[in-house]
Amino acid sequence: MSSNKSPDDSPANNNSSSAAAAIDFLTLTRSLKTTKRTGWVMSGVTNPESIADHMYRMSLMAMIASFSNESFDTNRCIKLALIHDLAEAKVGDITPHCGVSEEDKYKLELGTMEQIQSMLGPLLGGDEIIELWKEYEEGSTTEAKLLKDLDKIEMILQAQEYEAEGSAEKSLEQFFTSTEGRWRTEIGRAWAEEIVSRRKKSDDGK
């Protein structure tokens with residue numbers, strides 16, 4: 001009996017295609033390791049963190065925060081943390097001070113995520129990745145609300161650390177005032193209070 005399968009459907013060809021897509025994707029994400037976070041650059045921070053630095057510590061935050069409350073899906077929280085800034089691999093770290101509207105920023109990032117979805121395909125999780133990104137952007141699920149808080153928590157913790165090191169040429173006060181009272185979860189509120197308390201103690205000791 002003859003087979004209807006094309007030679008292109010062989011496991012070897014599928015593996016080769018998947019490998020090419022995976023390496024294309026990973027090569028794209030290299031810029032996350034090399035692109036410095038815009039807010040710190042604009043504040044004159046010496047040797048500021050990269051986008052990937054931020055994403056990695058936020059992933060650790062997502063893991064331990066989700067462990068503390070059984071209502072959170074730990075795997076989903078970690079995935080959201082790893083994916084939330086993925087579009088910045090192509091569009092860069094766009095902040096409110098970059099002169100780009102929220103609508104245009106979303107369109108640019110969505111376009112990049114659609115390219116990533118197509119690049120990876122269903123086999124490498126392209127469909128799931130874009131849905132996770134949209135979930136984070138919408139911020140309506142329990143996990144997305146936590147991750148929205150952790151994004152800000154990681155930022156003010158980094159700001160507090162830069163202040164303690166004396167690494168910034170300009171004041172970093174804006175990073176604290178822009179997040180004050182904007183917490184969606186009790187974990188976010190508690191962690192923020194701890195960071196602000198440590199900042200105050202550091203200031204009092206100077």
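Modeller: A residue is called buried when its relative accessible area is under 20%, exposed when it is over 50%, and partly exposed in between. Please keep in mind that this is a predicted model. A salt bridge here is a side-chain nitrogen of Lys or Arg within 4 Å of a carboxyl oxygen of Asp or Glu, and by this rule the count comes to 11 salt bridges.

Let me begin with a pair in helix α11, which covers residues 186–204. R198 forms a salt bridge with E194, and the closest N and O atoms of the two are 2.7 Å apart. Because R198 and E194 are four residues apart in that helix, about one helical turn separates them. E194 has a relative accessible area of 40% and is therefore partly exposed, whereas R198, with a relative accessible area of 51%, is exposed. Elsewhere, salt bridges that share partners join R57, E154 and E161 into one network.

The side chains of R76 and E135 meet in a salt bridge with an N to O distance of 2.6 Å. R76 lies in helix α5 and E135 in helix α8, so this pair ties together parts that are 59 residues apart in sequence. The two partners can also be described by their accessibility: R76 is partly exposed, with a relative accessible area of 32%, while E135, at 9% relative accessibility, counts as buried.

R37 forms a salt bridge with E49, their closest N and O atoms being 3.3 Å apart. This pair links distant parts of the chain, since R37 is in the loop between α2 and α3 and E49 is in the loop between α3 and α4, 12 residues apart. R37 has a relative accessible area of 9% and is therefore buried, and E49, with a relative accessible area of 5%, is buried as well.

The largest pocket has a volume of about 1000 Å³, and the elements that give two or more residues to its lining include α3, α7 and α8. The residues of that lining divide into 10 nonpolar, 10 polar and 14 charged. The second largest pocket has a volume of about 240 Å³, and its lining divides into 10 nonpolar residues, two polar and one charged.

How values were computed. Residues numbered from 1 in each chain as written. Predicted model: local features only at pLDDT ≥ 70, side-chain atom pairs only at ≥ 80, totals over all residues. Heavy atoms only, no water. 1 Å grid on protein atoms, 1.4 Å probe; cavity = no way out; pocket = protein on both sides within 12 Å on 5 of 7 lines; lining within 4 Å. Points joined across faces, edges and corners; volume = space filled by probe spheres on them. Nonpolar A, V, L, I, M, F, W, Y, C, P; charged D, E, K, R; others polar. Buried < 20%, exposed > 50% of the residue type's maximum accessible area, 1.4 Å probe, protein only.
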